[in-house]
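Try each task before you read its solution.

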Amino acid sequence: MAMTASEIEHLIKEAIPDAVVDIRDLAGDGDHYAANVVSASFKGKTRVQQHQMVYAALKGGMGNELHALALQTSAPQD
Amino acid sequence: MSENPVFDRIKNEVSSDDVVLFMKGTPVFPQCGFSNAVVQVLTYLGVPFKGINVLEDDDIRQGIKEFSDWPTIPQLYVKGEFVGGCDIVREMFEQGELRDFLAQKGVETEAV
């Protein structure tokens with residue numbers, strides 16, 4: 001059972017309300033996406049911590065329904 | 001022995017070498033594009049590393065995800081510290097941070 005881009009965006013925004021999420025479907029199979037997530041809540045956090053926040057938002061989907069999510073995260077530029 | 005023998009095994013592996021890569025396949029025959037990407041980065045920088053094929057050991061394959069609270073493979077460890085998966089290693093490399101990070105940790109890279 002794959003995930004749709006809108007499901008991914010919805011889950012991320014549910015957990016990180018101020019997130020600006022840009023998702024690209026890499027393979028059209030609902031399994032391989034690239035996502036760029038920008039949120040003020042990432043400020044001061046390491047990349048690992050930022051990515052872990054996004055994975056937590058996906059509630060276990062990452063690595064299961066969702067095989068590949070090429071992720072880039074950043075805090076908004078001041 | 002602690003209550004989690006798999007974590008003990010992982011701790012041993014992670015400290016058994018300066019640079020340890022939990023991956024799908026082996027450095028010579030990577031069996032996943034993301035694992036291969038990290039192998040290529042380390043090879044390009046001339047960093048010797050130990051590849052651990054999680055496909056050969058399901059305990060390690062699942063255990064490593066809990067150990068680092070990271071849901072995917074590959075996972076790169078330097079001096080016992082979790083650095084990241086494919087995205088983070090590639091981003092650090094592309095932004096020229098990886099070589100400095102490794103140098104800070106006392107890991108030699110080849111001048112390229």
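A residue counts as buried under 20% relative accessible area, exposed over 50%, and partly exposed in between (1.4 Å probe, protein chains only). The model is a predicted one, where local features need pLDDT of at least 70 and side-chain atom pairs count only at pLDDT 80 or more, while totals for chains, interfaces and linings use all residues. Residues are numbered from 1 along each chain as its sequence is written, chains are lettered from A in the order in which they are written, and side-chain values use heavy atoms, leaving out hydrogens and water.

**Exercise 1.** Find Asp69(B) and decide whether Asp69(B) is buried or exposed.

*Solution.* Start with the place: Asp69(B) sits in the loop between α3 and β3 of chain B. (Helices, H or I with at least four residues, and strands, E with at least two, are DSSP runs numbered from the N terminus.) Next, take its relative accessibility, 54%, so Asp69(B) is exposed. Finally, check the backbone: phi of Asp69(B) is near 55 degrees, a positive value in a residue other than glycine. Most residues other than glycine have a negative phi.

**Exercise 2.** Describe how α2(B) and α4(B) pack.

*Solution.* First, get the geometry: α2 (residues 33-44) and α4 (residues 86-94) of chain B meet at about 30 degrees, with axes 9 Å apart. Axes are lines fitted to C-alpha atoms, for helices over the stretch in contact, and angles run from 0 to 180 degrees between N-to-C directions. Second, classify the angle: the pair is therefore roughly parallel (angles under 35 degrees). Third, list the contact residues (heavy atoms within 4.5 Å): α2(B) brings Phe34(B), Ala37(B), Val38(B), Val41(B) and Tyr44(B), and α4(B) brings Cys86(B), Val89(B), Arg90(B) and Phe93(B).

**Exercise 3.** How many residues of chain B are in contact with chain A, and which three supply 39% of the area that chain B buries there?

*Solution.* Count the residues: 16 of chain B touch 13 of chain A. Then take the buried area, the accessible area (1.4 Å probe) that two parts lose on being put together, summed over both: about 1200 Å², 57% of it on carbon and sulfur atoms. Last, the three: Trp70(B), Asp87(B) and Glu91(B) supply 39% of chain B's share, more than any other three residues.

Definitions and conventions
Parallel < 35°, antiparallel > 145°, perpendicular 65-115°, else oblique.
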